[in-house]
Amino acid sequence: MTTIAERARELTDTREPFVHVTVVRAQDPTSARPGDDAVIRSDGSIEGFVGGVCAESSVRAAALDTLRDGTALLLRVLPEGATPFPETPGARVVVNPCHSGGAIEVFLRPILPAPALRVVGDTPISAAVATLAGFLDFDVVADDSTGCTVVVVAGLGTGEPEAIRAALDAGVGFIALVASGRRGVALLDELGLTDAERARVHTPAGLEIGARTPAEIALAIMGEVVRAIRMDGLAPASGAPAARPQQAVDPVCGMTVLVGAETPHARVDGQDFWFCCAGCLASYTAA
């Protein structure tokens with residue numbers, strides 16, 4: 001049987017984002033115990049155990065939020081009428097009317113793959129970029145643009161058109177071309193790019209900091225790359241982003257639930273309703 005730690009390593013090795021969830025405190029009566037853990041994937045599916053179905057629904061919804069912003073979260077799931085939990089940065093409270101009566105605190109840590117960066121060229125600048133990117137915890141690749149967040153073309157006249165075309169075809173959103181302004185424009189003109197494609201190629205590559213040496217040029221390039229990721233929302237070339245699971249509000253208890261094949265569901269007068277558990281569904285249909 002695969003443990004949660006082993007499953008987390010598998011997802012990390014395949015560069016799949018997920019959330020590692022750990023119960024850090026549990027107050028009876030509740031089925032979860034401190035140390036119980038699980039992984040929650042970007043489709044909302046869960047492997048492991050962090051409490052009953054009602055608590056699990058709250059945890060899964062919160063996990064998807066942490067995947068979106070990359071920030072760890074302390075979640076406290078309280079029964080209705082419990083003593084308020086102080087509002088602090090990095091903490092969130094959800095009131096679970098159909099919870100067992102106990103309270104749990106769960107730590108959610110999103111695990112996001114390092115951005116992949118491909119360096120094209122065999123020059124002092126390409127070597128400096130690869131070194132600095134590795135220091136900044138990028139996953140530096142050499143042979144394939146598939147899935148890359150950034151491609152840096154630093155061949156200085158060698159293999160540039162082919163590298164740019166391959167990166168564009170792979171869907172890479174940020175292509176840094178190391179060239180003078182005049183030569184870069186001429187090269188892009190020769191490629192006959194569309195306006196959308198041309199917007200993805202940045203040349204001259206790097207922030208304007210007066211860089212002269214290969215190391216300084218690498219610093220300027222990586223500064224522009226980091227800015228694009230942190231401030232502009234640059235994402236990996238992974239095709240269409242995974243669809244965020246649909247959410248709905250349980251009409252009985254008011255909880256936010258993730259809609260899936262196993263989510264309790266009722267259709268009344270042409271309108272769909274989803275529930276956190278079979279108990280809420282039964283209460284609704286009885287009413």
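Student: At what angle do helix 3 and helix 7 cross?

Tutor: The axes of helix 3 (residues 124–135) and helix 7 (residues 214–230) cross at roughly 55° and come within 8 Å. Axes here are lines fitted to C-alpha atoms, for helices over the stretch in contact, with angles from 0 to 180 degrees between N-to-C directions. Helices (H or I, at least four residues) and strands (E, at least two) are DSSP runs, numbered from the N terminus.

Student: Where does all this come from, by the way?

Tutor: This is a predicted model, where local features need pLDDT of at least 70, side-chain atom pairs count only at pLDDT 80 or more, and totals for chains, interfaces and linings use all residues. Residues are numbered from 1 along each chain as its sequence is written, and side-chain values use heavy atoms, leaving out hydrogens and water.

Student: Okay, so what do we call the way helix 3 and helix 7 are set to each other?

Tutor: Helix 3 and helix 7 are oblique to each other. Angles under 35 degrees count as roughly parallel, over 145 as roughly antiparallel, 65 to 115 as roughly perpendicular and the rest as oblique.

Student: Which residues of helix 3 and helix 7 meet?

Tutor: From helix 3, they include Pro124, Ile125 and Leu132, and from helix 7, Pro214, Ile217 and Met222 are among them. Contact means heavy atoms within 4.5 Å. By class, the contact of helix 3 with helix 7 has 13 nonpolar, no polar and no charged residues. Ala, Val, Leu, Ile, Met, Phe, Trp, Tyr, Cys and Pro count as nonpolar, Asp, Glu, Lys and Arg as charged, and the others, Gly among them, as polar.

Student: How far apart are the axes of helix 4 and helix 5?

Tutor: Those axes are 11 Å apart, and helix 4 (residues 160–169) packs against helix 5 (residues 181–191) at an angle of about 65°. Glu160, Pro161 and Ile164 of helix 4 make the contact with Arg183, Leu187, Leu188 and Leu191 of helix 5. By class, that gives five nonpolar, no polar and two charged residues.

Student: New topic: which residues does a cis peptide bond join?

Tutor: It joins threonine 203 and proline 204, with omega at about -5°. Proline 204 is in the loop between strand 11 (201–202) and helix 7.

Student: And what is the phi of arginine 15?

Tutor: Arginine 15 has a positive phi of about 60°, although it is not a glycine. You'll find arginine 15 in the loop between helix 1 (4–13) and strand 1 (18–27).
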